[in-house]
Every structure is written in structure tokens, then in C-alpha cells.
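Welcome! Please take a look at the structure below, and then let us walk through its pockets together.

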Amino acid sequence: MKTSSLISQRTMAAVIISLVCVIAALLLIAFIQQPVHDNGLREVVFANLDKTGVSNPVTAVLLNYRAFDTYLEFAVFLCVAVAVLPYVLDVPIQKQQLSAESQVLAIAKIFVPLSILMAGYLLWIGSTQPGGAFQAASLLAGCLVLLSLANVRIIDFSTARSRFLLSVGLLAFMVVNIVVFSQNFGFIALPQNIAGSLILFIEFFATFAVSATLFLCFESIHKGHL
């Protein structure tokens, strides 16, 4: 019976792997055969780039041209945090005491300060070069994960202050839009003369919100498994 069960499991695994490979191959073929087309949006983006407050076209698209989509993305991040948070709060963590000379703590002491500086740099240059809030948030989340593995707690999601951090990105976007709308500039229509400053303001708070959400997702897996 055990032999037949093992063969059945192997057969099922082989079928699943084969189906995944076939679907992946079909998607790859479809992607390769996709004709290259130009809908003219690239020219429109660069023609109006000076009106967005930034010189990086990616940042201009995310936080000016299609700011409403990014606004909804921040809302999605908050929904993810709300869905994951109860599990993190309900499962107590089994803390593992690390010695002062542990390798994880030694690595954290070196890489965390460097990663924080790099995150700030990526956030700052996001208006002119590749970078921005999501890249900076990934680095900060990595710092939080490394510190957590070294048994150093920076964020405690049982406190209201830490939970509030999960929503600051969406709140910053809402505050900017309410103020702009109250000045008769329209809904999610950034004034040209201060658009760059407003985008940096939103990205600053979005960095902390996204990094906290990513770390929360890590904690939801890490809780109870130390």
C-alpha cells in the first residue's frame, strides 16, 4: 500500500509539473510572438514631462499621469495589512535569545546602517533617476527582517503606533488630494509649481507604509516558527 501511495504521489507531482511547464511554455511563446506596437503614449509622456514636477518618466507616470492607480495600490497594501494583522497578533512569538557575538547580529550592525542610507538615497533620486518609494521600502523591509532574525524588535504590531504606520502612505495621498482639491485644482491634479514637492511628500510616507507592510507579511510567516 505504501509503495502504491508513493507512486501515486509521484505521478500526481509529475502531472502538476508537466502542466506548469506547458502553461509556462505557452505564455512564453505568446509573449515572444506579441507584435511590437506603439500607441503613442511614450511621446505624450515625454512631451508633458516638464509639467509633472519630476524628470523621471516612471515616477511621473506612477504619481502624476496615473496617480489614481497608485492611490488604489496604496489601498491594496492597507487591505493586505488588515488581512494579515490578526494572525500576527494572535500567535505569540517564541523568542530565541542570540548572543552579542552572533553572526546575524554582526551582519545586521554592518548592513542595516548602509541599507538605510541607500534607501534614503533611492527615495531622494526617484524624481530624476530610477528609484523611489517602492525600491526604498524594499531595502527598509530587508533591514527589519534582518533585525528580526537578530532578535532586535523595531516594530511591535500590537501597539497602535505601529499599526498606524501601515496606513500613512494612503493617508498622505489622501491629505495631498484633499488639499489640492480644496484649492480648485481638481481631483488628483497636482499643481505644476509644487508637484515635485508633493510627490516627494507622498513617497516619503509611502516608503514607511510599504516597508512596514512587507515586514508584516514576513512576520505572519515567521511567528511561532523560531
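## The second largest pocket

The second largest pocket has a volume of about 180 Å³. Here a pocket is an open set of points on a 1 Å grid over the protein atoms alone, where a 1.4 Å probe fits, with protein on both sides within 12 Å along at least five of seven lines. Its volume is the space filled by probe spheres set on the points, which are joined across faces, edges and corners. Lining residues have an atom within 4 Å of a point.

Of the 15 residues lining the second largest pocket, Leu62, Gly131, Gly132, Gln135 and Glu203 are the closest to its centre. Two or more lining residues come from each of helix H3 (57-65), helix H4 (67-90), H6 and H9; H3 gives the most, with four. Helices are DSSP runs (H or I, at least four residues), numbered from the N terminus.

## The largest pocket

The largest pocket has a volume of about 260 Å³. Its lining has 13 residues, and Leu144, Ile154, Ile155, Leu165 and Phe208 lie nearest the centre. Helix H6 (133-149) is among the helices that each supply at least two of the lining residues, and H6 gives the most, with four.

By class, this lining has ten nonpolar, two polar and one charged residues. Ala, Val, Leu, Ile, Met, Phe, Trp, Tyr, Cys and Pro count as nonpolar, Asp, Glu, Lys and Arg as charged, and the others, Gly among them, as polar.

## About the model

This is a predicted model: local features need pLDDT of at least 70, side-chain atom pairs count only at pLDDT 80 or more, and totals for chains, interfaces and linings use all residues. Residues are numbered from 1 along each chain as its sequence is written, and side-chain values use heavy atoms, leaving out hydrogens and water.
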